[in-house]
Amino acid sequence: MALLLGFLLLLGLCEDTMSEEPSSSRPDGLEFHLPPTSYQTSDSYDPGPAGFFFQVVRLFVHIVQPNAFPEDILRKIIQKKFDLSKEYDKIIYYEIGIIICAALGLLFVILMPLVGFFFCLCRCCNKCGGEMHQRQKKSGPFLKKYFTISLLVTCVFISIGIIYGFAANQYMRTRVEETRKLSESNFNDLRTLLNVVPGQIDYILDQFTHPKEKAFDDLDNINSLVGDSIYERLKPKVLPVLKDIKDLAKDMKTDRDALVQVNTILTDVKHASAYLRTSLRDEKTSMEQTLTDPQCSLPAVAPTCSSIRKSLSVLDDSASFDHLPSLDGHITQLDGLLQTDLSGLVQKANESLSNIPEEVQNQTRDFVTEFKKTLNSIQSDVKNISTKIPIQKTLSSFVRYINNSEDYILHYLPTMEECDSYRWLACLVVCCLLTLILIFYLLGLLCGTLGYDQNATPTRRGCVSNTGGLLLMVGVGFSFFFSWIVMTIVVLTFVAGGNMEKLVCEPYRNKKLFQVLDTPYLLNEDWKYYLSGLVLNKPDVNLTFEQVYSDCKENKGLYATLKLDHIYNISEQLNITKHTGDINSNLENMNIRIEDIELLDKTGMKTLMDLRSSGIDDIDYAAYLNTTERSPMRVNLISFANDIRRKANQLPSGHLKTSLKSHADTLIDIHQNRVAPLQNSVSTMNKQMKGLHYRTSGLKVRVSTTIFFLNSTQDFLTSQLSEIVVEESKQFGSKIISYFERYLQWVKMTITQKFAACKPAATAVDSAVNVFLCSYIVDPLNLFWFGMGKATILLLPAVIFAVKLAKYFRRMYSEDVYEDDPVNKVQSKPRVQTVPRVQTVPMVQTVPMVQTVPMKNMRRANSRSRAEQGTQTI
């Protein structure tokens, strides 16, 4: 019933349910997701520590019954084509393992009371250990220890089996008591599943707000999204050219300033060099007149005067800058070029580019307003779609079905709990019977071991030891009396639990049960696929129980799981797709037109061409640099003046010496006031010419390249600007459309994959079969017979060990008697001989006494009549 109910619930939720797990997508920050729904029932069951023992029992059942699931037999039984009289051998072959184990159990049930009966008769006849006489053997202590340990180990294993039985019995009772809570949680989950559907449909439709708001944001920022995009695409082409033009304008001004400075310095240098030559020539003439002094004719002075006279020729070697041409023509030419403000023209072009976003916004202001009205209208239409879907009427019938099913289960649940209480009590009694037998054995071992005195003879054993032996025999009697009853219950539960595990639980876990149900034309001869015929009324659609269960287990949507698109096209009901056409048509009406951008007007272009032919790079920089790199004087006037002063100091005092020193001072003054300033000016002019030469080097090529790229870029703007504007406009429109397309994709994905996710239905089926039937009933039932069966089987060796061990604990009525040999009295140890007959002491004594007497006394005792011998057996 529970299995059938689970499948009916799975089929009943085929039209409209809602997923509890979120689904999200994030294109450009746009996010959609379904709100999560919490359920009470766990989708998996954990039996806890008992799971290990359940696995052990399952392994045992698989060993006993290793045959595969009989799919063919089950199919024939469902189709009512199985003839038991002809095909019984197939069932026997499949059940051979269980049949053999059940036959052994029944053999135990039959033989155990018979063996017990004959064992009792045998002991009453003083056989089978019934004679209260114990033979004394050398191996007696060893046998006693062996039987004691063996019985103790057997009792330990029996106790483990009993513990299994108690645990399994209590586990089943506890789990059955939780059945009400399990069923309530499953039905509550199914109600929750149905209750969230209307709100979730409205939620899906309300998500249209997100792409609409995103589109509104983009429309409000159309200047940056479209205008900046256009600007960014033009910037790599235009800005480098404008930068080159701006750099040329800057270099033109720098070159003009450099030329003016060089030209000024050149004029000053020419004047200074001419004045220097005049000063040096005058000084040379004056020194030559000084050297005509009569004192120079003296033999001591003449060499010095001659040396000075010869060195005066160095004063004629001063640099001349008159050959360097003036730069006035080039300066005038650059002044004319600088009349055109190239930097201003570049700035104007940059402003034209920077104003593109603002121009885009101004041109699209009316379009944005109209487009927002269109989106608001579409949103109103989308919200009204939910009113066209008759979801409440459909859901109300499913809610009634769930309520009726829950009432049915709750009606019979008390009866099931009452039956389970009887089962629990019966199993508890069975466990207590085995526990009682085990207690007798353990008490017998305890009393016998603690009360045993190894120095006491068999007839003089203590009361505690004798009680232990009696308890062991009581345990043996109970074993014969109750074990067959326990084994009967074990056989019945084994056959039921083993077959349920192999025929229901195991094929349910490996889905072979679903594969059988999915056999074409199995449940209905006219339907190829029963589930598709039941749900879709189209039996040819490949819809199987296994596929539905697996998809629901993975929390997939019922719409796709049950292939409901064959009968119910939600995409058409949620008729949103048509609105994308309206959005697209509106975006196509967006017309943005950017006027042609002129990078440089005709005046600016003529200025560049004039700059190319200005000839600034043709200046004879080599002549300027070679001239300015040399010193204005070939000789160092300071050194020359110091040399004259040194030579003058060698002369005797007089007018000549004084005059020469005066000339030396004049030369130093010329160096400081004429040569040094001239040297600084030449050095400055040299640096300026180097910088000018560096900047103007390749000026024609540079200007030509700039003009080429300027023309190329201008052609690009003329031919491609409108196309770029159109492309960016389309890209903007595509971006707006993508928001709504992404929304529609999410709606489609949600409906086909997440919407109406059927995991609670699969959980309900699992709760009915895997949890309730298999985990709550079959697993503990199998653990019960496994533990009880093991304990009952171990009673056989326990009976044998207990009977053998009781002889060593109980007080005997007779014992072996020994006699000393008179002939050998002188020996250190007498010889002992066992008497062939045992003297029986009458029962009139309170404590039986067995004496060791000589052989002649023994013979007299044996001659007594049998009536005087009190023989008693148990």
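A: Helices α2 and α16 lie roughly perpendicular to each other. The model is a predicted one. Two packed helices are described by the angle between their axes and the distance between the axes. For this pair, the packing angle is about 100 degrees, and the axes are 11 Å apart. An angle from 65 to 115 degrees counts as roughly perpendicular, which is why the pair is described in that way. Helix α2 covers residues 50–64, while helix α16 runs over residues 463–509.

On the α2 side, the contact is made by Arg 58, Val 61, His 62 and Val 64. On the α16 side, the residues involved are Phe 494, Gly 498, Glu 501, Lys 502 and Arg 509. Sorted by class, this contact of α2 with α16 has four charged residues, three nonpolar ones and two polar ones.

A second packing can be set beside this one. Helix α9 (residues 222–290) and helix α13 (residues 356–363) have axes that come within 8 Å and cross at roughly 140 degrees. That angle makes α9 oblique to α13, and the crossing is right-handed. From α9, the residues that meet α13 are Ile 222, Asn 223, Val 226, Gly 227, Asp 228, Ile 230 and Leu 234. Their counterparts in α13 are Ile 356, Pro 357, Val 360 and Gln 361. The residues of the α9 contact with α13 divide into seven nonpolar, three polar and one charged.

Ser 185 is found in helix α7, which spans residues 179–206. Its relative accessibility is 10%; the cut-off for buried is under 20%, so Ser 185 counts as buried. Leaving aside residues up to four places away in sequence, Ser 185 touches Gln 40 and Thr 41.

The whole chain gives the setting for these details. The secondary structure of the protein comes to 30 helices and two strands. The protein has 874 residues, of which 45% count as buried. Among contacts with a separation of 6 or more, 87% are accounted for by residues 24 or more positions apart. The accessible surface comes to about 44200 Å², and 56% of that surface belongs to carbon and sulfur atoms.

Notes:
Residues numbered from 1 in each chain as written. Predicted model: local features only at pLDDT ≥ 70, side-chain atom pairs only at ≥ 80, totals over all residues. Heavy atoms only, no water. Axes fitted to C-alpha atoms, helices over the stretch in contact; angles between N-to-C directions. Helix = DSSP H or I, 4+ residues; strand = E, 2+ residues; numbered from the N terminus. Parallel < 35°, antiparallel > 145°, perpendicular 65-115°, else oblique. Contact = heavy atoms within 4.5 Å. Nonpolar A, V, L, I, M, F, W, Y, C, P; charged D, E, K, R; others polar. Buried < 20%, exposed > 50% of the residue type's maximum accessible area, 1.4 Å probe, protein only. Areas by Shrake-Rupley, 256 points an atom, 1.4 Å probe, with all protein chains shown as cover. Left-handed = near helix turned anticlockwise from the far one by under 90°.
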